[in-house]
Amino acid sequence: MQDPESFHCVMGPVLVMAQLFGILPVSGILMPSPLQIEFVKFSVRTIYSVFISGMVLFMATLSIIHMIKTLDSTTFEVQEGIVAATSGAIFYVNCVMGLIIFFWLSSRWVNLQRDWRSMELFIDRKSNNGIISDIYFFESFLFLIGRTMIVTLLTARIHDQSKVILPILFTCSASTYDKETERLLHLLSTDNITLTGMRFFSITRNFLLAVKTNQDLIKNSLAFHMQYDSFL
């Protein structure tokens with residue numbers, strides 16, 4: 001399947017324009033897969049590239065001859081004389097060197113593109129694994145928060161149920177009222193029946209509201225300080 005964002009597909013139109021100037025004479029650059037790229041020594045593209053390189057080499061030779069003839073002591077006395085004498089030679093020599101490098105790269109372009117595509121597939125798999133890890137992290141985090149809230153609410157029901165049973169004990173008949181009932185009634189009336197956190201706090205519904213209120217206060221305080229700092 002063709003990936004329009006792959007390096008091979010993105011570079012295809014660019015290489016088509018480059019081949020008009022004899023650069024990188026390989027075939028299959030517009031094919032969907034880099035496996036279809038080929039470099040043929042005796043092909044129209046290769047012959048055309050060699051022809052363009054020969055013409056540029058010829059122009060570079062003429063430019064060097066012109067530079068040798070015009071570059072003398074008087075050239076340094078004329079404004080921009082050195083530029084006029086050497087610019088052509090420098091330009092065409094650079095073009096020849098570039099064409100030679102790209103021609104040398106043509107035979108290696110096939111393996112380069114295949115290795116590049118393999119690296120892209122590896123990065124895509126790694127990115128997918130990263131997405132799965134992110135999804136797992138958020139799901140685990142939500143599960144942890146949900147489980148904590150459920151356990152806390154169920155724990156707070158201990159205190160709620162202790163308040164529910166107290167009116168029932170007050171309406172207990174004399175025939176069923178005994179010392180155990182009296183002891184339980186006294187315990188529920190005088191003691192706070194809750195689970196505690198190391199006796200530092202009691203887990204009730206009011207405790208949950210207090211935690212939420214403190215979070216809001218901290219959040220509002222931070223927002224106020226940030227606005228105050230930005231104002232200063």
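Q: What do the side chains of Glu 180 and Arg 183 do?
A: The side chains of Glu 180 and Arg 183 meet in a salt bridge, at 3.7 Å from N to O. A salt bridge here is a side-chain nitrogen of Lys or Arg within 4 Å of a carboxyl oxygen of Asp or Glu. In general, side chains of opposite charge can pair when their charged atoms come close.

Q: And how many salt bridges does the structure hold?
A: The structure holds one salt bridge.

Q: Is Arg 183 buried or exposed?
A: Arg 183 is exposed, because its relative accessible area is 56%; buried means under 20%, exposed over 50%, and partly exposed in between, with a 1.4 Å probe and protein chains only. His 186, which is also found in helix H4 (residues 179-190), counts as exposed at 53% relative accessibility.

Q: Before we go on, where does this model come from, and how are things counted?
A: This is a predicted model, in which local features need pLDDT of at least 70 and side-chain atom pairs count only at pLDDT 80 or more, while totals for chains, interfaces and linings use all residues. Residues are numbered from 1 along each chain as its sequence is written, and side-chain values use heavy atoms, with hydrogens and water left out.

Q: What is the mean pLDDT of the chain?
A: The mean pLDDT is 77, and 81% of the residues reach 70 or more; pLDDT is the predictor's confidence in each residue, from 0 to 100.

Q: Which residues make up the largest nonpolar core?
A: That core has eight residues: Leu 15, Leu 24, Val 26, Ile 29, Ile 37, Leu 105, Trp 109 and Val 110. H3 gives the largest share of this core, three residues. A nonpolar core is a set of buried Ala, Val, Leu, Ile, Met, Phe, Trp, Tyr and Cys residues joined through side-chain atoms within 4.5 Å. A second, separate core has five residues, among them Ile 52, Val 56, Ala 60 and Val 96.

Q: What about Leu 24, where is its place?
A: Leu 24 lies in the loop between helix H1 (7-19) and H2, and it is buried because its relative accessible area is 2%. Its phi is near 55 degrees, a positive value in a residue other than glycine. In general, most residues other than glycine have a negative phi. Leu 105 touches Leu 24 and Leu 112, not counting residues up to four places away in sequence.

Q: Now Thr 155, buried or exposed?
A: Thr 155 counts as buried, because its relative accessibility is 13%. Its place is in helix H3 (residues 81-170), and Thr 155 touches Leu 195 and Ile 203, leaving aside residues up to four places away in sequence.

Q: What about Ile 168, buried or exposed?
A: Ile 168, which is also in helix H3, counts as exposed at 54% relative accessibility. Ile 168 and Leu 185 are 17 residues apart in sequence, and their C-alpha atoms are 9.8 Å apart in space.

Note on methods: Helices (H or I, at least four residues) and strands (E, at least two) are DSSP runs, numbered from the N terminus. Contact means heavy atoms within 4.5 Å.
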